[in-house]
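Subject: Structure for your files

Hello,

Here is the structure I said I would pass on. My notes follow below it.

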Amino acid sequence: MKLAEALILRKDLQTRVARIRDRLFANVLVQEGDTPSEDPAELIVRLNETLAELGSLVSKINKTNSSTLLDGKPLADAITERDIALRKVNILREALQKAADRPKRYSQKEIRLLTPLNVRKEEKIVDKLAYEARVLDAKIQAKNWEVDLL
């Protein structure tokens, strides 16, 4: 199995866990005299099985990411670098959006709000960061389809 296939399976298992969780929550309490639509004990068994499968798969993914090299460093480090870069881009874009959206003043007597940032200059920097993150993400995705899961 390729690493990319394992990542798809991980997403599927996470979705299954969430659905089992919702079904369990919907069936743990019933009105007196009624029966639940599904047996909560059986759902707990299925939850345990699915979580065990997910745990095993995540462990294999982590081992593969740690032992696979991308541009001379572990794939796990590249994933961390990408995730941090994307988080930074999102925060900076939100800040720049806030800086660009100046509130309307209804009269000259109202306090005028200004931004200390050069929005145009900062947007170019953020666009460059976003591009670098996308390039790194493309390399990671390509590697995921090349590498076999350990």
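How many helices and strands are there in the protein chain? This is a predicted model, and its protein chain has four helices and two strands. In sequence order they run α-α-β-β-α-α. The radius of gyration of the protein chain is 24 Å, well over the 15 Å that the globule rule gives for 150 residues, so the chain is more spread out than a compact globule. The C-alpha trace spans about 70 × 55 × 15 Å along its principal axes. Of the 150 residues, 23% count as buried. Among contacts between residues at least 6 apart in sequence, 71% join residues at least 24 apart.

The pocket: the largest pocket has a volume of about 200 Å³. Helices α1 (3-27), α2 (40-67), α3 (75-100) and α4 each contribute at least two residues to its lining. Among the lining residues are Leu-3, Arg-10, Asn-62, Ile-79, Arg-82 and Asn-144. By class, the lining divides into six nonpolar, four polar and two charged residues.

Which residues does Lys-143 contact, leaving aside its neighbours within four places in sequence? They are Thr-68, Leu-69, Leu-70 and Leu-75. With Leu-69 there is also a polar approach: a polar atom of the Lys-143 side chain lies 3.4 Å from the backbone oxygen of Leu-69.

Regards

How values were computed:
Residues are numbered from 1 along each chain as its sequence is written. This is a predicted model: local features need pLDDT of at least 70, side-chain atom pairs count only at pLDDT 80 or more; totals for chains, interfaces and linings use all residues. Side-chain values use heavy atoms; hydrogens and water are left out. A polar contact is a pair of N or O atoms within 3.5 Å; within protein, one must be able to donate a hydrogen and the other to accept it, and residues adjacent in sequence count only if both atoms are side-chain atoms. Contact means heavy atoms within 4.5 Å. On a 1 Å grid over the protein atoms alone, a cavity is a set of points where a 1.4 Å probe fits but cannot get out, and a pocket is an open set with protein on both sides within 12 Å along at least five of seven lines; lining residues have an atom within 4 Å of a point. Grid points are joined across faces, edges and corners, and a volume is the space filled by probe spheres set on the points. Ala, Val, Leu, Ile, Met, Phe, Trp, Tyr, Cys and Pro count as nonpolar, Asp, Glu, Lys and Arg as charged, and the others, Gly among them, as polar. The radius of gyration is taken over C-alpha atoms; the globule rule is 2.2 Å times the number of residues to the power 0.38. Buried means under 20% relative accessible area, exposed over 50%, partly exposed in between (1.4 Å probe, protein chains only).
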